[in-house]
Amino acid sequence: MAGKGGVGKTVVSAVLAKAAARLGLSTLVVEVEGKSGLATMFGQPPLGYDEVVLSAGGGPLGEGEVRARTLTPDDALLDYLRDHGLSRISNRLVSSGALDVVATAAPGIKDILILGKVKQLERHDAVDLVVLDAPAAGHAVTFLQAARALLDTVSVGPINAQAKDVAAMLTDHARCRVVLVTLPEETPVNELVETAFSLEDRVGVGLAPVVVNGIYDPVVGLSVAPGAAAEAAGVTVASEEAASLRAAATFRQDRMRLQDEQLIRLAERLPLSQLRLPFVFSTDIGPAELDHLADRLLAEIAALAEPV
Amino acid sequence: MAHSASLSELLQQRRILVCCGSGGVGKTTTAAVLALSAARFGRRAVVVTIDPAKRLADALGLDGLTGTPTRIEGDWSGELFAMMLDTKSTFDGLVVANASSAEQGQRILDNRFYKNISGALSGTQEYMAMEKLYELHQRTDFDLIVVDTPPTRHALDFIDAPRRLSRFLDHRLFRVVISPGRGMMRAVNVAAQTFLRTVAKVVGAEVIDDAVAFFQAFDGMEEGFRERATAVAELLSDDDTAFVLVASPRRDTIDEARYFAETLAEAGIAVRALVVNRMHPRFGRGVAGRAQEQADTRQGTDLGGLYQNLADFELVASRQEEHLAGLTEAVYPAPVARVPFLASDVHDLDGLSEVAEHLL
């Protein structure tokens with residue numbers, strides 16, 4: 001999952017995981033920034049480094065399990081060193097700050113460690129789908145490009161091997177796709193288009209349909225005058241209240257017109273299907289909202305699959 | 001309104017405004033609006049942005065922003081300039097200024113490890129933003145400098161960046177490796193060498209060689225960097241400087257903004273103003289609570305739809321105010337400016353002026 005800050009990338013990661021679970025897939029969400037509301041959306045306490053179950057699955061529909069974990073570069077490095085029989089230097093590397101020096105000498109090393117760990121998780125039999133909530137876009141390109149960049153700097157050794165494996169995973173469209181998330185607004189749409197082209201050109205990664213988050217759903221009666229609507233219902237509405245109804249209706253209509261313009265612009269500039277998720281007026285995403293959004297996402301995906 | 005007076009007072013009285021906050025909350029636009037408003041108050045203001053921010057350049061009527069302040073023409077009594085932070089050239093300038101000889105400077109600029117620092121070392125961009133701020137402040141020809149900051153999650157990344165970088169450049173481990181030691185020092189040296197050899201096995205020897213060469217070339221310059229870092233840190237907590245926290249009313253960004261305000265407070269820096277962008281508008285407070293009830297009873301009819309729409313916006317507006325409550329308390333007594341969700345993106349000076357009307 002990649003997208004500019006503020007577009008709801010983490011929400012969409014949670015929704016995708018929930019939707020996958022509905023289809024019976026066992027899903028693992030990996031969070032890399034160490035601070036997100038992911039667990040809260042599933043009604044669980046905040047994430048730690050250890051894997052936790054966010055949603056148990058099972059039930060009459062045979063839902064898959066949703067698990068999640070946080071993965072920071074330092075964690076990934078410690079794991080890596082342990083796996084390579086170097087645990088004795090690992091603490092010193094982190095505590096002396098030498099990791100910063102190494103990461104500067106070979107930029108992308110932290111990213112490669114995270115992606116390498118993701119690759120390891122992907123191989124795990126108990127997981128059907130890994131959803132990686134990637135760093136905010138802009139950084140996303142650098143993050144995913146790390147494997148290639150590192151192959152130039154580090155020409156031998158285990159890190160080089162790791163980078164090769166990661167590059168292979170990223171460019172294998174059957175194993176890995178990037179889902180770009182945006183809002184139906186001008187700047188986020190521009191950035192999404194830019195990111196999409198950079199990812200294809202510079203990383204060679206496959207793109208999934210884009211998710212446009214925060215769409216105002218249509219509501220009946222917006223173009224009807226409140227007075228007329230009241231009359232049709234056989235009631236009267238005080239003039240102040242009618243004015244409020246009118247102002248709110250106009251606002252939504254204006255926003256919907258703007259969002260339609262952006263959806264069209266996005267379709268024109270980027271030949272990828274769009275999956276649209278509604279704006280959540282209650283603002284807090286909890287288990288109920290997540291369920292609702294997962295339904296919507298599955299419906300959007302089903303609509304894609306049908307021939308037009 | 002007392003709060004509007006305060007933000008305009010800051011614009012008229014302070015010499016530095018630092019706009020901070022998480023990504024995607026409208027920091028760049030807010031910074032530009034503040035500088036524009038200061039120019040309207042007759043001041044000579046410059047806005048320093050971090051992103052290439054083509055949209056901002058367009059809004060200011062420029063083809064693009066460069067690393068030097070460009071004057072923007074307009075009908076204000078003061079002057080307005082805009083520039084973009086160029087992390088690499090700012091760092092290069094700092095190296096050249098601190099080098100004991102032209103050769104030492106060049107040796108560092110040519111080093112592969114050094115070339116990675118500006119792009120790869122976390123905190124470099126933050127540090128260079130502060131460094132540029134310091135340089136502009138030293139020039140004294142601007143009345144007000146407004147800086148946009150990189151979208152860091154942790155305010156300390158940025159308060160701490162100068163100190164952290166100078167610590168990095170003075171890295172003990174590498175210093176030990178490059179300095180010929182005696183006695184006790186030699187033992188440490190041997191241990192460090194062994195350690196680095198192990199690291200080299202993992203990441204490749206050339207990586208470590210580059211780093212060691214860099215620290216050798218840098219030898220003797222760390223003092224200058226340390227002094228500068230202290231001066232920059234002092235400037236940030238100076239009375240001339242005010243921090244403006246920018247947020248949007250989403251719950252997660254509010255949480256991040258609170259965390260930001262708290263860490264700034266721990267560093268002894270107060271948030272002087274809070275700007276909240278993208279607030280949903282309120283329609284008809286009198287109907288509160290009843291709209292959803294009406295929508296449910298009249299579901300499926302036009303009137304039901306109209307009530308549902310009103311109920312939607314009442315819900316989102318009241319939730320946003322709830323989220324905001326804790327943050328306004330955390331930054332109290334800083335004034336809070338609410339900028340509504342605008343009908344379109346800011347494209348030109350008129351757009352910036354529209355935001356200014358809500359801000360001041």
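**Terms and their grounds**

Author: K117(A) and D79(A) are both buried, that is, under 20% relative accessible area, where exposed means over 50% and partly exposed in between (1.4 Å probe, protein chains only). This is a predicted model, in which local features need pLDDT of at least 70, side-chain atom pairs count only at pLDDT 80 or more, and totals for chains, interfaces and linings use all residues. Residues are numbered from 1 along each chain as its sequence is written, chains are lettered from A and ligands numbered from 1 in the order in which they are written, and side-chain values use heavy atoms, with hydrogens and water left out.

Reader: What makes K117(A) and D79(A) a salt bridge?

Author: A salt bridge is a side-chain nitrogen of Lys or Arg within 4 Å of a carboxyl oxygen of Asp or Glu. The N to O distance of K117(A) and D79(A) is 2.8 Å, so the pair qualifies. K117(A) stands in helix α6 and D79(A) in helix α3 of chain A, 38 residues apart; helices (H or I, at least four residues) and strands (E, at least two) are DSSP runs, numbered from the N terminus.

Reader: Why is E185(A) called buried?

Author: The relative accessibility of E185(A) is 12%, which is under the limit, and therefore E185(A) counts as buried. Its partner in a salt bridge is R278(B), with the closest N and O atoms 2.9 Å apart. R278(B) has a relative accessible area of 28% and is therefore partly exposed. Because R278(B) lies in strand β7 of chain B and E185(A) in a loop of chain A, the pair joins two chains.

Reader: How do you know that chain B and chain A are in contact?

Author: Contact means heavy atoms within 4.5 Å, and 62 residues of chain B are in contact with 61 residues of chain A. Across this interface the rule finds 4 salt bridges.

Reader: Why is α7(B) described as largely enclosed by the rest of the structure?

Author: Of its 16 residues, 12 are buried, and α7(B) is therefore largely enclosed. Among the buried residues are Y127(B), M130(B) and L133(B).
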